[in-house]
Amino acid sequence: MVSTETPVCDFGRPAPDFVLPATDGRILSLADVRGERGLLVMFICNHCPYVKAIRDRLIRDAAALRAEGIGSCAIMSNDPTDYPEDSFANMQRIAEEYRFPFPYLYDETQEVARRFGAVCTPDFFGYGADLTLQYRGRLDASRKEAVAGARRELFEAMVQVARTGHGPREQTPSIGCSIKWKEA
């Protein structure tokens with residue numbers, strides 16, 4: 001497992017469009033998942049200990065952000081060849097078991113991850129209503145273990161985006177397992 005840190009937020013960068021299959025059988029695009037006041041795109045997977053450590057809080061925050069007009073989706077871009085826990089069938093099982101309040105999308109070609117510039121799981125991209133990037137930070141101070149009483153950084157940032165159109169200038173990068181790229 002290689003730990004990777006996300007780059008600094010490239011404020012104003014437009015959200016790349018996509019069309020991907022969801023674990024519930026739908027085919028969804030960027031337009032389908034956006035909210036009236038913004039969009040949170042999360043690159044996650046099933047096997048990553050960083051994602052497992054925050055999964056419950058991620059579900060909580062995505063559900064709460066919906067009330068703020070922020071749509072959310074999760075994208076899995078890992079190559080499941082060496083990580084069978086990340087297979088589409090296992091994505092479906094996890095989405096159902098944890099009752100994800102957001103679509104869980106499969107980026108089989110990894111093209112969407114490349115266009116976003118995703119580097120790890122979890123990797124968060126928070127967009128305003130105009131679909132320009134306003135947040136590229138972490139969920140909270142947790143790593144592979146939950147930090148009791150950790151400030152809800154991503155939630156607070158996205159509420160700010162929903163209400164003002166702008167994310168916080170100070171952002172702490174997310175850290176996680178590197179995306180498992182297919183061999184060329």
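Is D123 buried or exposed? Select D123 to begin: with a relative accessible area of 0%, D123 is buried. Here, buried means under 20% relative accessible area, exposed means over 50%, and partly exposed lies in between (1.4 Å probe, protein chains only).

Before the next click, please note that this is a predicted model, where local features need pLDDT of at least 70, side-chain atom pairs count only at pLDDT 80 or more, and totals for chains, interfaces and linings use all residues. Residues are numbered from 1 along each chain as its sequence is written, and side-chain values use heavy atoms, with hydrogens and water left out.

**Stop 1: salt bridges**

Side chains of opposite charge can pair when their charged atoms come close. A salt bridge here is a side-chain nitrogen of Lys or Arg within 4 Å of a carboxyl oxygen of Asp or Glu. By this rule there are 10 salt bridges.

Next, select R60 and D61. Their side chains meet in a salt bridge, 2.8 Å from N to O. R60 is partly exposed, with a relative accessible area of 37%, whereas D61 counts as buried at 1%.

Now pick R151 and E156, a salt bridge whose closest N and O atoms are 2.6 Å apart. R151 is exposed at 51% relative accessible area, and E156 is partly exposed at 36%.

**Stop 2: charges over rings**

Stay with R152 and show F155. R152 lies over the face of F155, at 4.1 Å from the ring centre. A charge sits over a ring if NZ of Lys or CZ of Arg is within 6 Å of the ring centre and within 35 degrees of the ring normal. For another example, select R169 and F11: the charged end of R169 sits over the ring of F11, 4.0 Å from its centre.

**Stop 3: aromatic pairs**

How many aromatic pairs does a search of the whole structure find? It finds 8. Rings of Phe, Tyr and Trp (its six-membered ring) pair if their centres lie within 6.5 Å; planes under 30 degrees apart count as stacked, over 60 as edge-to-face and the rest as tilted.

Select F100 and Y104. Their ring centres are 5.3 Å apart and their planes stand at 65°, so this pair is edge-to-face. F100 is buried at 13% relative accessibility, and Y104 is buried at 1%. Then highlight F18, F43, F116, F125 and Y127, which ring pairs link into a cluster.

**Stop 4: cysteines**

A disulfide is a pair of cysteine sulfur atoms within 2.5 Å, and the whole structure has 0 disulfides. Select C48 and C177: C48 is in no disulfide, and its nearest cysteine sulfur, that of C177, is 3.2 Å away. C48 counts as buried, at 0% relative accessibility.

Finish at C73. Its sulfur is 15 Å from the closest cysteine sulfur, in C45, which is too far for a bond. C73 is also buried, at 0% relative accessibility.
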